[in-house]
Amino acid sequence: MLMLSPTAVAAVRLITSSEGSPQGAGLRIFTAPEAQTLQLEVAEEPADQDQVLTAEGTRVFLDHDAATLLDDKILDAQTDPNGNEAFVVLPQPKQPPAE
């Protein structure tokens, strides 16, 4: 399952609580047929069939394809040299085999 870093949680909270965002909004990550990238939008509610992740009061909605693609990833937020924040997808650390 997708994990959120503390900086990603803070970024989602900032985006979804900004002026004009609906109360209780979440960040929706989805795939679009015409695009070969993941898309992001602030959504009031998850779409039908979306997987809902909650972390520290934030909500992230994933469509089926995005949930599958991000299943073993970490969503992080980083600041580039120009001071702009961007989401980054990182691999989750490998778990040692159970003994």
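Student: On the other side of α1, which residues are exposed?

Tutor: Exposed means over 50% relative accessible area, buried under 20%, and partly exposed in between, with a 1.4 Å probe on protein chains only. Pro6 and Leu14 are the exposed ones there. This is a predicted model: local features need pLDDT of at least 70, side-chain atom pairs count only at pLDDT 80 or more, and totals for chains, interfaces and linings use all residues. Residues are numbered from 1 along each chain as its sequence is written, and side-chain values use heavy atoms, leaving out hydrogens and water.

Student: Which residues of helix α1 are buried?

Tutor: Helices are DSSP runs (H or I, at least four residues), strands likewise (E, at least two), numbered from the N terminus. In α1, residues 6-16, the buried ones are Ala8, Val9, Ala11, Val12 and Thr16. They lie on the same side of α1 because they cover an arc of only 165° around the axis. That arc is taken from the directions from the helix axis to the C-beta atoms.

Student: What do the buried residues of α1 pack against?

Tutor: Contact means heavy atoms within 4.5 Å. The partners are β1 (3-4), β2 (26-31), β4 (51-55), β5 (58-62), β6 (73-79) and β7 (85-91).

Student: What is the order of the open sheet of 3 strands?

Tutor: Two strands pair if DSSP finds at least two bridges between them. The order is β1-β6-β7, with mixed pairing. β1 and β7 each have a single partner strand, so one side of each lacks a neighbour in the sheet. β6 and β7 pair in the antiparallel sense over 7 bridges. Ile74 has Leu90 in β7 as its bridge partner.
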